[in-house]
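Have the picture open as you read, and look for each spot as we come to it.

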Amino acid sequence: MLIKVLIHIFILSITRDNCKAHQTEIKTIYGDEGSNLTLPCTKNGIPVNESVMWRHQGRDDHRAERTSIRPNNSLVLLDVSREDLGVYTCIQDNDAHEVINVVKVYIRTAPPALVNVTVVPSTIFAILRWEVADSGGYPITHFTAQYRLKHTQLHQPPDPWHLVVPDKMNPSLTHTDIYKLEPNSSYVFQIWANNKLGRGDIVELEAMTMFDTQEIELGKHLLAGAETFDTRIWVAAVAIVMGTLLILATATIYALYKECRLPLGATKDLETLELIPNIILNPGYQDYLQSEWVEPDENSNDTTTIRLNNNTVVNPMRI
């Protein structure tokens, strides 16, 4: 029993060593979009001199206008794009088709389109939300969004794009608020991510802002009961107001007329009343025109009376 176990272990060790000896060499190469990449065809680090062919994702690569094979059998990819990423295999060009080495190519690009982009509009602002599925290979530096009116008035130029402030939003954000929108209007929104290689794919969507509910509620309040309103009540109210104004105007005209038709004596009495403040403010004030006259006595003394500042009348002394 012990001998069988030892034999089994020996066989497993030989199989493992053979697998390691025939293990295919795998390399990983990164490249930026628009650049050129060189994929080596080596075996144990040594270039292969025999005839080889290259396969991309298990298929023969026939893009001769963008690929070339150098004398050392390395494959050159020109102006790489996202379509060039994947697994490239260098294979012996014979009946055996032995795999010499495998190269994994990763292409770093500008960020692809954002996902789950939505707009939640209100009356004068909207909330723009998004998620990031891929950064393109480089970290996202910032997000950019813009908006404009979808429709403009007749014979008016299209509404220009308005950048959302700030124009370089933090890469950690997943939403932003957009202000200064018009109620009940259709808008077009665009958003994209940016990284070291530039602007990513743009996501565009449309949304319509809501009605201004405050104006609607105010209108409903003002028009409440309009259908059942009796216009005769309005006519009666207007008639009462106009009648009141007519009465006030007639009374004013009559008062002015009476004032213009007052007799002279009444006017003189009014002037006398106006002198009272002068007497109080000026103790030495004497009104000679309004002084009382006394009949001459037996000595022919006709001196007029004197009115003091306290409105006391002093008669002349009779001799």
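A patch here is made of residues with over 30% relative accessible area and no salt bridge, where like charges are joined within 9 Å and nonpolar side chains (Val, Leu, Ile, Met, Phe, Trp, Tyr) within 5 Å. The areas come from the Shrake-Rupley method with a 1.4 Å probe, and for residues only the protein chains shown count as cover. A salt bridge, in turn, is a side-chain nitrogen of Lys or Arg within 4 Å of a carboxyl oxygen of Asp or Glu.

Before we dig in, remember that this is a predicted model: local features need pLDDT of at least 70, side-chain atom pairs count only at pLDDT 80 or more, and totals for chains, interfaces and linings use all residues. Residues are numbered from 1 along each chain as its sequence is written, and side-chain values use heavy atoms, with hydrogens and water left out.

So, which residues make the nonpolar surface patch? They are Trp234, Val235, Val238, Val241, Met242, Leu245 and Leu248, and the patch covers about 720 Å². One of them, Val241, lies in helix α3 (residues 231–260). Helices (H or I, at least four residues) and strands (E, at least two) are DSSP runs, numbered from the N terminus. For single residues, buried means under 20% relative accessible area, exposed over 50%, and partly exposed in between (1.4 Å probe, protein chains only). Val241 has 48% relative accessibility, so it counts as partly exposed. Pro158, in the loop between β13 (142–149) and β14 (162–163), counts as exposed because its relative accessibility is 64%.

Now for some strands. Three of them form an open sheet in the order β11-β12-β15, with antiparallel pairing. The strands β11 (115–121) and β15 (175–178) stand at the edges with a single partner strand each, so one side of each has no neighbour in the sheet. Two strands pair if DSSP finds at least two bridges between them; β12 (residues 126–131) and β15 are joined by four. Within this sheet, Ile127 stands opposite Asp177 in β15.

What about links between side chains? A disulfide is a pair of cysteine sulfur atoms within 2.5 Å, and the count comes to one. Cys41 and Cys90 form it, with their sulfur atoms 1.9 Å apart. The pair links distant parts of the chain, 49 residues apart: Cys41 is in the loop between β2 (37–39) and β3 (42–43), and Cys90 is in strand β9 (residues 86–92). The link is left-handed, with -70° about the S-S bond. Are these two cysteines buried or exposed? Both Cys41 and Cys90 are buried.

The structure also holds four salt bridges, and the table shows some of them.

| Asp32 | Arg108 | 3.0 Å |

Lys150 is partly exposed, with a relative accessible area of 39%, and Glu206 counts as partly exposed at 49%. Asp32 counts as partly exposed too, at 22% relative accessibility, and so does Arg108, at 24%.
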